[in-house]
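I opened this model to look up what surrounds the ligand, and then to check two residues one by one. My entries follow in the order in which I looked.

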Amino acid sequence: MTKPVLFSGMQPSSDSLHLGNYVGALTNWVKLQEEGDAIYCVVNQHAITSKFEPEQLRERTLTTAAQYIAAGIDPDKSILYVQSDVPAHAQLAWILGTMTGFGEAGRMTQFKDKSQRFGAEATTVGLFTYPVLMAADILLFQADQVPVGDDQRQHIELTRTLAERFNSRYGETFTVPEGFIPEVSARVYDLQEPTAKMSKSAASDAGLLRILDPANVTKKKIMRAVTDADGEIRVDREAKPGVSNLLGIHSVLTGRALDEIVAEYEGRGYGDLKKGLVEVVEATFAPIRERTEELLGDRGELMRLLAQGAERAAERADATLRLVHERIGFPIGAAR
Ligand code: AMP
Ligand code: TRP
């Protein structure tokens, strides 16, 4: 049996990944690289559809890649690379764009949301065709499965439609991929507003735990997390969202059952629960932080790893692109 091909990508749009990214995506990707032929891409070409600064973007691209390696993505097992290093993404996106309806792209809810937020001035053609580039990312690798969050469901559906459309017009070319969306993905909530998902775009920074933050910053945020007045340590998402979130994080990071943790803290105060969580979070973050710093301290080695990833990615992507060119009647052989 050949392993399923897995492809996923993340935008380098922040200085550090946060606990939600770690629990909801990263740990999953690390697991999946054992079961599949996994390809992970830092999608910096997607990132320039939102506001960005060139130097900051370059730094964030490397920091994102470093954090993935530090958390356990093994560049020998998986292919890890930066999107802009593989020209085939943009080349296939152009072709797929000619097969995407204007109305079809206009129905993407992420585009509708973002264009409304950005306003007419900042809404570009690139933002509009963002999902077409994403389809190209996936189809270039003939991916079977695409592990993503729930918000990407509609983009995966468009990718499938484009693959089927191409195949029926020009002959079997692309694998039609499936979304791999964890049903009960462990959700992490904001420490200050525990009914909302932990997110880098939250109104206040105090509820966000970043992997690369210094230990004392993380500690302060956990100790100041919102709880409630009844003083009882138990899970009740409706009535006690703050305490339930702290218990949930504790459980998912230690791999211990919720009941066990509740029993451990029974009859004790919220202060104890928070102190325990500070240790658990630090035990998770500290090694990732150290390894990330090490990797960023040796740019030559990091660039070498990414160059090697790009080379392996390009070889596979170019093979698909060649087939596509052949199918649609572009001369092949002359071009590299
Ligand atoms: P984002 O930073 O929103 O682009 O998210 C990147 C990935 O991290 C998504 O695919 C989600 O699966 C995951 N993620 C983000 N925030 C959370 C959260 N609060 N809880 C669980 N998973 C999350
Ligand atoms: N759009 C995805 C997101 O915002 C990122 C992404 C780009 C992606 N290309 C991809 C995810 C290909 C999976 C596969 O999260």
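**Ligand site**

I began with Asn21, where a polar side-chain atom lies 3.1 Å from an oxygen atom of ligand 1, a polar contact being a pair of N or O atoms within 3.5 Å. Taken alone, ligand 1 exposes 480 Å², of which the protein buries 72%, with accessible areas from the Shrake-Rupley method and a 1.4 Å probe. I noted that this is a predicted model, in which local features need pLDDT of at least 70 and side-chain atom pairs count only at pLDDT 80 or more, while totals for chains, interfaces and linings use all residues. Residues are numbered from 1 along each chain as its sequence is written, chains are lettered from A and ligands numbered from 1 in the order in which they are written, and side-chain values use heavy atoms, with hydrogens and water left out.

I then found an oxygen atom of ligand 1 at 3.3 Å from an N or O atom in the side chain of Lys200, and an oxygen atom of the ligand at 3.4 Å from a polar backbone atom of Gly149.

**Tyr68**

I placed Tyr68 in helix α3, residues 54–71 (a DSSP run of H or I, at least four residues). Tyr68 is buried at 3% relative accessibility, where buried means under 20% relative accessible area. Leaving aside neighbours within four places in sequence, I listed its contacts (heavy atoms within 4.5 Å) as Met10, Leu17, Leu26, Trp29 and Ile73.

**Asp213**

Asp213 is also buried, I noted, with a relative accessible area of 14%, and beyond four places in sequence it is in contact with Thr218, Lys221 and Arg289.

Definitions and conventions: Buried < 20%, exposed > 50% of the residue type's maximum accessible area, 1.4 Å probe, protein only. Helix = DSSP H or I, 4+ residues; strand = E, 2+ residues; numbered from the N terminus. Polar contact = N/O pair within 3.5 Å; in protein donor to acceptor, adjacent residues only side chain to side chain.
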